Amino acid sequence: MSETYTVKTHAAFEGQPINTADPRVLAWLIRRHGLEMTHISRGSHIGAIFSLAEIMATLYTGALNVDPENPKWPERDRLILSKGHAGAAVYAALAERGFFPVEELSTHYANGSRLSGHVSHKGIPGVEFSTGSLGHGLAVAAGMALGGKMDKAAWRVYAVLGDGECDEGSVWEAALQAHQYKLDNLIAVIDHNRMQSLDFCENTIALEPFADKWRSFGWNTQVVDGHDVDALRAAFEQAKANRGKGKPSVIIAETTKGKGVSFMENDILWHYRTPQGEEYEAALRELEAQRP
């Protein structure tokens with residue numbers, strides 16, 4: 001299964017070197033891996049995996065200070081994926097950036113695999129914390145950032161959240177704490193695809209005015225196109241430059257759930273639906289046509 005999986009994913013490059021340091025290439029690979037992983041495992045959350053692709057790709061091609069040769073490097077930046085159900089996007093980014101073999105992605109969600117459906121840190125180099133129960137990641141990241149600040153450490157903490165999980169009171173408690181302790185070494189990124197679980201966010205608990213809420217909580221706030229890697233890179237640089245100003249930073253990344261496959265985009269079915277049969281083949285054709 002691993003050999004077939006790898007050939008399928010990389011065949012489009014026709015034996016040419018794959019530049020995974022290019023965020024556009026890495027974002028495409030995250031989607032291709034995400035499609036294969038959920039297809040093979042019959043797993044869910046492909047819509048969320050696809051909406052995160054450029055965010056993860058930008059993080060792992062320069063925004064994060066990490067070393068795949070030394071995943072526990074003490075000076076590394078820490079990343080918490082609070083929306084743990086999109087863990088396949090992190091696994092794909094880590095594998096393509098050299099943290100573990102790409103072939104292992106074919107074991108995603110299989111019995112006995114360390115690549116669980118929701119992201120797990122257990123035995124996986126590059127993953128800091130297991131998540132799945134929504135609303136906890138920002139609090140964990142804030143705690144890490146506070147520890148780093150007390151130690152006068154140079155590293156930063158990044159937390160990637162979903163917009164739907166911002167329904168949770170624990171998110172706003174963490175936001176208040178981060179402001180109280182002036183955690184300017186903390187950068188949150190919100191995958192704002194406007195959908196959650198079974199409906200649009202506005203039909204569940206409306207978030208708007210979303211950016212204004214974060215600003216009122218004392219955060220350095222930016223709103224960017226979450227599928228534009230140049231805009232994301234600039235936003236991360238601005239957030240890093242905020243260090244020393246006593247404010248945590250949040251980047252609200254405007255995204256499309258299911259981005260990259262036309263019939264998945266903005267369709268709530270693809271929160272849980274798994275790509276099989278003709279749908280898998282159609283998705284594969286669309287993604288192959290987008291190879292960078």
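**Close-up 1. Helix α4 is largely enclosed by the rest of the structure, because 10 of its 11 residues are buried.** Buried means under 20% relative accessible area, exposed means over 50%, and partly exposed lies in between (1.4 Å probe, protein chains only). The buried residues of α4 are Ala53, Glu54, Ile55, Met56, Ala57, Thr58, Leu59, Tyr60, Thr61 and Ala63. Helices (H or I, at least four residues) and strands (E, at least two) are DSSP runs, numbered from the N terminus. Before you explore further, note that this is a predicted model, in which local features need pLDDT of at least 70 and side-chain atom pairs count only at pLDDT 80 or more, while totals for chains, interfaces and linings use all residues. Residues are numbered from 1 along each chain as its sequence is written, and side-chain values use heavy atoms, with hydrogens and water left out.

**Close-up 2. Helix α2 meets helix α4 (residues 53–63) with their axes within 8 Å and a crossing of roughly 130°.** Axes are lines fitted to C-alpha atoms, for helices over the stretch in contact, and angles run from 0 to 180 degrees between N-to-C directions. The two helices, α2 and α4, are therefore oblique to each other. Angles under 35 degrees count as roughly parallel, over 145 as roughly antiparallel, 65 to 115 as roughly perpendicular and the rest as oblique. On the α2 side, look for Pro23, Leu26, Ala27, Ile30 and Arg31; on the α4 side, for Ala53, Glu54, Met56, Ala57, Thr58, Tyr60 and Thr61. Contact here means heavy atoms within 4.5 Å. Sorted by type, the residues of this contact of α2 with α4 are eight nonpolar, two polar and two charged. Ala, Val, Leu, Ile, Met, Phe, Trp, Tyr, Cys and Pro count as nonpolar, Asp, Glu, Lys and Arg as charged, and the others, Gly among them, as polar.

**Close-up 3. Helix α2 (residues 23–41) also packs with helix α10 (residues 277–289), at an angle of about 170° and with axes 11 Å apart.** That angle makes α2 roughly antiparallel to α10. From α2, Trp28, Arg31, Arg32, Leu35, Glu36 and His39 meet Tyr280, Ala283, Leu284, Leu287 and Glu288 of α10. This contact of α2 with α10 has six nonpolar, one polar and four charged residues.

**Close-up 4. Trp73 sits in the loop between α4 and β1.** Trp73 is partly exposed, with a relative accessible area of 27%. Setting aside neighbours within four places in sequence, you can find Trp73 in contact with Asn65 and Asp67.

**Close-up 5. Five strands form an open sheet in the order β1-β2-β3-β7-β6, with parallel pairing.** At the edges stand β1 (78–81) and β6 (220–225), each with a single partner strand, so one side of each has no neighbour in the sheet. Two strands pair if DSSP finds at least two bridges between them. Direction ignored, neighbouring strands of this sheet are turned by 20° against each other on average.

**Close-up 6. Strand β7 (residues 249–254) pairs with β6 in the parallel sense over six bridges.** Thr221 has Val250 of β7 as its bridge partner, and Val224 stands opposite Ala253 in β7. Six bridges also join β7 to β3, and these two strands run parallel; here Ile187 has Ser249 of β7 as its bridge partner. Strand β7 is mostly covered, with five of its six residues buried. Helix α9 (residues 229–241) lies across β2 (157–162), β3 (186–192), β6 and β7, running at about 170° to β6.
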